[in-house]
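This briefing covers the contact between two chains. Read it with the model open.

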Amino acid sequence: MSGTKSRENRNGTREPHLLKDQWPSDSRDLAIRDALAIELLTACMTALRTYGLRKSKLTELARKAVTGNAESMNSAKAVLEAAQQLAEMIAKWGEHPRYLDESGRPAILSITGRKSSFQSLASEFFPTYAPSDVVNFGCEANAMERIGNDKVARLNDCVVFTGSSFLILAHSVRTVRRFLGTANFNRQPLIAIAAGRPDRTSCGEISDKDFSEFISVMRPQISDLVEMSNRWLGQRAKLPKNRGKRRKVAGVQAFLFFE
Amino acid sequence: MSAVEPLVELLLELGVTSPEAESLLRGVFVHKTREWLARQSSSTVEPSDVRISLVTGVHRNFVRRILAEPPKIAEARKHKSNHASRLLQAWYNDPAYLDSSGKPRDLPEKGSHPSFQSLSTTYVPSVAPGVVLDQLRRAGLVQMLSEHRLRVRGRTFRVHGFTRNSIAEVGHRTRELLETLTHNIHQPDARRFCETMRVIEVELPRIPVIRDLINRRATTFLAGMEHELAVEASRSLGTKRKGRINVGLTIYQTERGPKQS
């Protein structure tokens with residue numbers, strides 16, 4: 001593993017290894033590549049073990065993944081499908097004039113009824129479910145809350161996965177896949193900087209207390225960024241040129257970290 | 001009593017508390033007594049603190065202190081954060097009362113946590129929630145929605161309508177804008193930021209949505225700038241007042257109907 005270490009100069013301080021554009025080109029580069037691959041796999045394995053997967057099970061699953069014998073590559077999509085539908089329903093609640101109050105914010109809706117009711121909204125996204133089931137699902141996801149027996153109010157502008165291991169694991173799978181897709185795109189040789197997909201990081205060493213403050217500072221900024229992107233994408237998706245079959249999912253994802 | 005009642009109502013509208021009003025009244029009382037006694041006397045000598053004390057019933061030590069400066073609310077009496085402001089701060093900052101975007105939630109007026117009742121009893125335990133709500137509604141800071149739900153509309157206590165303060169704000173904002181515009185004409189190489197987005201036309205029924213959107217985006221942006229520039233502001237505290245300059249950033253929305261253009 002010596003390849004992963006940075007070199008020491010005459011003063012004893014470490015110098016970062018300057019990478020070449022294309023690699024591997026020699027055995028040292030190959031060693032670095034392998035070390036990075038192990039690090040990526042270890043990070044995934046460590047995370048998966050927190051979900052109750054033992055080493056033996058992970059080995060078996062890893063073998064299946066390597067040989068391409070995995071049963072489905074759409075498990076994350078399936079798990080998140082209902083949450084995705086709920087997110088789209090929540091977005092429409094905050095956007096469509098029929099579901100807004102006079103101040104332009106999501107209105108309180110009657111659960112049943114024809115026009116401007118929760119039933120009419122829910123039937124578009126969950127056509128096979130009873131409105132009461134959708135209300136229960138939405139309340140569990142902290143997206144809405146009941147008011148009395150027959151009305152609901154929108155609580156959040158997104159679906160919160162917090163507290164659900166199933167949803168968080170599926171979300172992690174989708175996030176890693178999307179990030180690797182962006183990383184793969186950006187590592188293409190000779191790609192123009194302006195043509196690359198933006199990927200920015202900021203970090204600094206701070207205390208637990210300051211991290212709490214960092215969360216409260218960044219939460220509205222991130223929410224607004226994502227909401228702005230969502231509005232733009234939603235409007236573009238409705239255009240005729242984007243209604244064809246050759247469509248791909250585009251988006252932006254942002255999260256805070258504390259290592 | 002009849003003369004004082006409207007004054008008390010006005011003070012309530014302005015968010016002035018009883019101790020603040022008492023402190024202000026005492027100051028005005030002492031200053032006016034000095035003027036009154038001076039008019040009564042044929043001598044050119046100013047009335048003594050003891051005499052003013054006897055007439056007003058305020059201890060002579062306080063009389064001296066009060067007369068040393070113009071009438072104002074004593075610092076000790078000033079409510080650093082009055083009831084309404086304290087509750088508003090909590091509504092904007094306590095995670096239990098925020099949505100997933102970090103913005104204040106709409107709350108049911110009564111009921112279990114989180115509700116306006118729970119917010120008020122937690123942060124303003126000495127005052128009935130109904131009294132605090134009345135104060136906030138009068139100031140236009142809380143909007144009553146259907147189903148007894150409440151929406152907060154601002155975090156700073158501000159009196160609406162043509163008041164001395166609101167007219168002063170118009171003058172202040174206009175001056176700031178004119179200063180920036182004239183500065184940019186005189187010094188194009190050291191321009192201060194002054195940009196406008198392309199004017200768009202929207203359908204009239206969409207105006208509330210657009211206003212709400214601009215409000216939320218601009219508020220988030222300004223809060224972000226404030227946090228980012230906080231380091232610069234704290235760094236300048238070590239330097240002398242002469243070496244500092246006030247920097248501000250204001251965003252405002254414009255609307256213009258077809259008849260106005």
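pLDDT is the predictor's confidence in each residue, on a scale from 0 to 100. The model shown here is predicted. Chain B averages a pLDDT of 84. In that chain, 90% of the residues score at least 70.

**Model scores**
- The ipTM is 0.73.
- The pTM is 0.69.

**Extent of the interface**
- On the chain A side, 28 residues are in contact with 24 residues of chain B.
- The two chains, A and B, bury about 2400 Å² between them.
- Carbon and sulfur atoms account for 44% of that buried area.
- Three residues, A:Arg105, A:Ile108 and A:Asp224, supply 22% of the area that chain A buries against chain B.

**Polar and charged pairs**
- The rule finds 10 salt bridges across the interface of chain A and chain B.
- A salt bridge joins the side chains of B:Arg206 and A:Glu95, with an N to O distance of 3.1 Å.
- Between chain A and chain B, 14 residue pairs are in polar contact, with both residues at pLDDT 80 or more.

**Make-up of the chain A side**
- Strand 4 (144–147), strand 5 (151–154) and helix 7 (208–237) of chain A each give two or more residues to the side that touches chain B.
- Helix 7 of chain A gives the largest share of this side, with 9 residues.
- By class, the side of chain A that touches chain B has 12 nonpolar, 11 charged and 5 polar residues.

How values were computed:
Residues numbered from 1 in each chain as written. Chains lettered and ligands numbered in written order. Heavy atoms only, no water. Contact = heavy atoms within 4.5 Å. Buried area = accessible area lost by both parts, 1.4 Å probe. Salt bridge = Lys/Arg side-chain N within 4 Å of Asp/Glu carboxyl O. Polar contact = N/O pair within 3.5 Å; in protein donor to acceptor, adjacent residues only side chain to side chain. Helix = DSSP H or I, 4+ residues; strand = E, 2+ residues; numbered from the N terminus. Nonpolar A, V, L, I, M, F, W, Y, C, P; charged D, E, K, R; others polar.
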